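Student: I would like to go through the labels used for this structure and ask what each one rests on.
Tutor: Then let us take them one at a time.

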Amino acid sequence: MKLKKKGLTPLSVLDKPKEEFEEDKVLYTGRIQNFNGTLTREEFLRIAPAPWTVDFQLTAVCNQHCVFCSYEERNKHLQKNKLEVIRRTHEELIQMGTRGIIYTGGGEPLSWRDGGVDLPTLIEEQNYGELCKPSLVTNGIMLRGMLKPEILKKLHFIAISVYAHTPELFRNVVLTNGFKVQTENIKRLIKMKEEMGLVYPEVSAKLLINRVNYKYLPEIYDFYKNLNTKYIFMRCVNNFEEGQDVELSKDQKNELEQLVRRKMNINEEYVDDFLRSLLPPKDIQPASNCWTVMMGHNLLISTLGEVFIEVPYGANKEFCIGNINNQTMNEIWGSEQHLNVINKLNSQMKRGGCDLRMCRHHKYNKVMDSFLEGSINAPRLDKFDLKHGYYL
């Protein structure tokens, strides 16, 4: 099986090929290498004693109103995870052996507060141990609270969702006037990191392409390139919720393709690969199995404390494996319900029931197929940090 070129990340696309985001990092877990062909509870816990990467959604509250919001319905309850439950769950995950925790939405993670504690304080006080690394996905409006040396030193990356190169376009996309604040916060973060001489956290712009801003992609890209963010990720928004209609139309996708070819300042030799990843077809060929769920690579904790093992299905109760409000992670992980959901998701993918355009795992699944076929080897261990090995 021929693998994609470097730099085509599992769900987004980079502006140029980068070794850092080759999907072979999934082999760092060592789990597919130790799989013996069966998936009993005992065998699952032997190869997957903990979720490798956890997406932790702290709150449904957000300080923006994005016209493409993938959590519009799910966030209406405006609930949040409680401090005592979050702290207990952190301790359980770290003790189990989780390698990466990403604070993400749901809502805006930096808007979370409970018991007088906000996210910067939580990160500052939390002992992540020697093996686990926290990271953050944010809209950047409240980023100033993170700009403390003792906090930045703990983080592996900060990805900031961006949408515009002008205040007017920003307001049209997210219906708030935060462009100046966001831009200044990004500049402050990069400057502080440089002054401290830090390699990490890597600061990335996550450019979300939608019906309002797609015509300005070349200009938006140039704007964030000039801000000197480490990476610029780009992705077209999807219809994550039932009945949602925010994806680019066929005509808009065609127009976007022509804009990329005519105006985008990227290497011409990379344009075709870039577009195949940015505008993937609906009929993506799946891997032989959904190895990601079978190997216990990922976990999503929702703003209601519900636990899922596949990010696109974080709103479907059928695929919920437990709730941290009334169960410990050890009770949830490897439970009968967990194994049942693994089988459901794997069967659904194999019969073509998954929209792989929205799945950040399917490229990892194909890497694991290639490993089992003997056509790929595990990456070098000394590149673990470079390749963001904590996060799948």
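**Labels and their grounds**

Tutor: Over the whole structure, a search finds 18 salt bridges. The model is a predicted one, with a mean pLDDT of 92 for the protein chain and 95% of the residues at 70 or more. Over residues 1-10 the pLDDT is below 50, and beyond near neighbours in sequence this stretch has 39 contacts in the model.

Student: Why is the pairing of R46 and E43 called a salt bridge?
Tutor: The closest N and O atoms of R46 and E43 are 2.6 Å apart. The cut-off is 4 Å between a side-chain nitrogen of Lys or Arg and a carboxyl oxygen of Asp or Glu, so the pair qualifies. Both residues lie in helix α2 (residues 41-47), 3 residues apart, about one turn of the helix.

Student: What makes E43 buried?
Tutor: The relative accessible area of E43 is 7%. Buried means under 20%, so E43 falls in that class.

Student: What does the salt bridge between D245 and R211 tie together?
Tutor: In this pair the closest N and O atoms are 2.7 Å apart. D245 lies in the loop between β9 and α9 (250-263), and R211 in the loop between β8 and α8, so the bridge ties together parts that are 34 residues apart in sequence. D245 counts as exposed at 54%, while R211 counts as partly exposed at 33%. Elsewhere, salt bridges that share partners join E22, D24 and K387 into one network.

Student: How do you know that the buried residues of α6 are on the same side of the helix?
Tutor: In α6 (residues 167-174), the residues L169, F170, V173 and V174 are buried. They cover an arc of only 110° around the axis, which means they share one side of α6. Their cover includes α7 (179-196) and α8 (217-226).

Student: What makes the phi of L175 worth noting?
Tutor: Most residues other than glycine have a negative phi. L175 is not a glycine, and its phi is positive, near 60°. L175 follows α6 and sits in the loop between α6 and α7. With 51% relative accessible area, L175 is exposed, as the threshold is over 50%.

Student: Which residues make the nonpolar surface patch?
Tutor: V67, L175 and V212 make a patch of about 220 Å². Patch members need over 30% relative accessible area; V67 has 38%, so V67 passes and counts as partly exposed. V67 is found in the loop between β2 (53-57) and α3 (83-96).

Student: Where are the cis peptide bonds, and what are their omega values?
Tutor: One joins G105 and G106, with omega about -5°; G106 is in the loop between β3 (100-104) and β4 (113-114). Another joins Y200 and P201, with omega about 10°; P201 is in the loop between α7 and β8 (202-209).

Key
Residues are numbered from 1 along each chain as its sequence is written. This is a predicted model: local features need pLDDT of at least 70, side-chain atom pairs count only at pLDDT 80 or more; totals for chains, interfaces and linings use all residues. Side-chain values use heavy atoms; hydrogens and water are left out. pLDDT is the predictor's confidence in each residue, from 0 to 100. Contact means heavy atoms within 4.5 Å. Buried means under 20% relative accessible area, exposed over 50%, partly exposed in between (1.4 Å probe, protein chains only). Helices (H or I, at least four residues) and strands (E, at least two) are DSSP runs, numbered from the N terminus. The arc is that of the directions from the helix axis to the C-beta atoms. Patches are made of residues with over 30% relative accessible area and no salt bridge: like charges are joined within 9 Å, nonpolar side chains (Val, Leu, Ile, Met, Phe, Trp, Tyr) within 5 Å. Accessible areas come from the Shrake-Rupley method with a 1.4 Å probe; for residues, only the protein chains shown count as cover.
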